[in-house]
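I opened this notebook to record what I looked up, item by item. The entries follow the order in which I turned from one part of the fold to the next.

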Amino acid sequence: MTNTPQSNYLDLPDNLPIPQDDGAADHLDGIKLNPVFLTATNGELIDLSTLKGTTVVFIYPMTGVPGVALPDGWDDIPGARGCTPQACSYRDNYPKLKAHLDNLFGLSVQSSAYQKELKDRVDLPYEILSDEKFEFADSLKLPTFEANFLKLLKRLTLIIKDGVITKHHYPVFPSNKDVDWVLAQLP
């Protein structure tokens, strides 16, 4: 399989490989977050360990930029494809989510400047956090993979209550249905 051209950035190819649960996130529920400052797309520094109430963080490998090729073999990596559709599904369900959540963030290891391109292009109503130095990922031992010599995070969603992870969703597939799992977990 090669990178499938898309007619619309919200489309997902039909033949994507399904990620299997490798147990790499089994340890997360019940963990108290360590203080880590992450740069948000609005320039603020966010420490998820200090946020009160319920926070959802959907973690994704990387978004593409129109006209720029994704890493070779991207569609062959289970769970890699679908970051923009996932972000947009959270955007489209934002009013429902905000009725139950105090905070919503996307998170990747891309730079804030790179993430801001996506936020502006698809008009996201929430911020994306950059873990460019892998401080958050390393503190939680989050699952990673490599593509074209890039170390990236596997797709994973965390529900956090007052700085403690209460639930996680892993592996996430298809990416644009992750928001449905989150909505089913919320009161």
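**Entry 1: the hairpin**

I looked up Thr144 and found that its bridge partner in E7 is Leu153. I note that this is a predicted model, in which local features need pLDDT of at least 70, side-chain atom pairs count only at pLDDT 80 or more, and totals for chains, interfaces and linings use all residues. Residues are numbered from 1 along each chain as its sequence is written, and side-chain values use heavy atoms, with hydrogens and water left out.

Strand E6 (residues 144-147) and strand E7 (residues 150-153) pair in the antiparallel sense over 4 bridges. I use the terms as follows: strands (E, at least two residues) and helices (H or I, at least four) are DSSP runs numbered from the N terminus, and two strands pair if DSSP finds at least two bridges between them. E6 and E7 form a hairpin with 2 residues between them.

I then examined the loop between E6 and E7, where Asn148 and Phe149 are found. Phi of Asn148 is near 50 degrees, a positive value in a residue other than glycine. Phe149 also has a positive phi, near 65 degrees. I recorded these values because most residues other than glycine have a negative phi.

The scale is relative accessible area with a 1.4 Å probe and protein chains only: buried is under 20%, exposed is over 50%, and partly exposed lies in between.

**Entry 2: model confidence**

I checked the pLDDT, the predictor's confidence in each residue from 0 to 100. The chain averages 93, and 94% of the residues score at least 70. Over residues 1-7 the pLDDT is below 50, and this stretch has 16 contacts in the model beyond near neighbours in sequence. Contact here means heavy atoms within 4.5 Å.

**Entry 3: the open sheet**

I traced an open sheet of 7 strands with mixed pairing, in the order E2-E1-E5-E4-E3-E8-E9. Its edge strands are E2 (45-47) and E9 (164-169), each of which pairs on one side only. Neighbouring strands of this sheet are turned by 35 degrees against each other on average, direction ignored.

At one end of that order, E1 (residues 37-40) runs antiparallel to E2 and is joined to E2 by 3 bridges. Leu38 has Ile46 in E2 as its bridge partner.

I next followed helix H1 (residues 83-92), which lies across strand E3 (54-59), strand E4 (103-108) and strand E8 (156-161), and runs at about 155 degrees to E3. Axes are lines fitted to C-alpha atoms, for helices over the stretch in contact, and angles run from 0 to 180 degrees between N-to-C directions.

How many of the 10 residues of H1 are buried? The count is 9, so H1 is largely enclosed by the rest of the structure. Among the buried residues are Cys83, Pro85, Cys88 and Arg91. The cover over the buried residues includes E3, helix H2 (94-98), E4, helix H3 (112-121), E8 and H5.

I looked at H5 (residues 178-185) separately: its axis and that of H1 come within 8 Å and cross at roughly 40 degrees. The two helices are therefore oblique to each other, on a scale where angles under 35 degrees are roughly parallel, over 145 roughly antiparallel, 65 to 115 roughly perpendicular and the rest oblique. Gln86, Ser89 and Tyr90 in H1 meet Asp178, Val179 and Val182 in H5. The residues of this contact divide into 3 nonpolar, 2 polar and 1 charged; Ala, Val, Leu, Ile, Met, Phe, Trp, Tyr, Cys and Pro count as nonpolar, Asp, Glu, Lys and Arg as charged, and the others, Gly among them, as polar.

**Entry 4: prolines**

I located Pro61 in the loop between E3 and H1. Pro61 counts as buried because its relative accessibility is 1%. Leaving aside neighbours within four places in sequence, its contacts include Trp74, Cys83, Ser108, Phe145, Leu153 and Arg155.

I also searched the loop between E9 and H5, which holds Pro171 and Pro174. A cis peptide bond joins Tyr170 and Pro171, with omega about -10 degrees. The bond from Phe173 to Pro174 is also cis, with omega near -15 degrees.
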